[in-house]
Amino acid sequence: MVAKKATSRQRSQRKTPDLDEILEVVIELVLQHGDSGFRIEELIERTGISKSSLYLHFGDRDGLVGAALSTAFLRDIRTNVDGAIVLFSRVHTRKQMKEAIPLLVDAALNTRDFARWQRVMVLASAQHRPEMMKRISEGQNMINTALEELVSEKQKLGIIRNDLDAREIGVLIQTAIIGRIFRDIDSKITAKDLQKWRAVLVSVYQGFLA
């Protein structure tokens with residue numbers, strides 16, 4: 001008796017769901033196919049999780065996509081903010097701050113292209129997903145607070161101007177990352193012009209110095 005040939009594509013064996021793994025695969029698939037092109041069936045084939053387990057943990061497809069995208073969004077922002085915190089923690093004088101500003105600007109400019117567009121996509125998706133927006137808002141609030149405390153510390157040292165709100169400075173620092181999208185989609189701006197935008201950002205940030 002001839003054994004049947006194994007199918008070229010077999011579904012993974014069922015297993016206890018690893019939620020972190022599930023979210024990572026969802027993030028990958030949504031970035032690959034877009035929100036509307038994401039298929040739960042493909043996720044099941046990749047991970048072996050059952051549809052009932054997915055709905056148990058995430059409620060429905062929107063809940064699953066929302067949890068994955070908000071996780072990616074907040075993780076990416078924390079990466080940038082953590083870098084700023086490390087950089088600013090080493091600053092104790094005005095001179096050190098002036099030297100640190102170009103490094104801060106470069107960190108924003110060198111953010112990966114897909115990461116910038118991912119943030120825009122996530123914010124657009126969150127507009128009609130209240131739970132997702134709530135999670136993003138809570139995470140963003142924590143990040144803004146961390147930057148606010150950092151800026152306030154430098155204001156007490158007389159490094160940063162006290163007439164400017166510490167939290168708003170922290171928010172503005174973050175906007176440079178998404179702001180690059182607007183220059184990237186301008187067909188009249190070339191890659192060589194990136195240094196011009198860098199110079200503008202450095203000048204703006206230096207305006208915070210006391």
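Let me start with helix 3, where the face turned away from the buried side carries S52 and L56, both exposed, which here means over 50% relative accessible area, whereas buried means under 20% and partly exposed lies in between, with a 1.4 Å probe and protein chains only. Helices are DSSP runs of H or I, at least four residues, numbered from the N terminus. Please keep in mind that this is a predicted model, in which local features need pLDDT of at least 70 and side-chain atom pairs count only at pLDDT 80 or more, while totals for chains, interfaces and linings use all residues. Residues are numbered from 1 along each chain as its sequence is written, and side-chain values use heavy atoms, with hydrogens and water left out.

Which residues of helix 3 are buried? In this helix, residues 51-58, they are S53, L54 and F58, and seen down the helix axis they fall within an arc of 105 degrees, taken from the directions from the axis to the C-beta atoms, so they line one face of the helix. These buried residues pack against helix 1 (19-33), helix 2 (40-47) and helix 4 (61-89), where contact means heavy atoms within 4.5 Å. After helix 3 comes G59, with a positive phi near 85 degrees.

L54, not counting residues up to four places away in sequence, touches I22, I40, L43, I44, I49, G59 and L64.

Finally, W117 sits in helix 6, residues 113-126, and is partly exposed, with a relative accessible area of 42%.

Definitions and conventions:
Helices (H or I, at least four residues) and strands (E, at least two) are DSSP runs, numbered from the N terminus.
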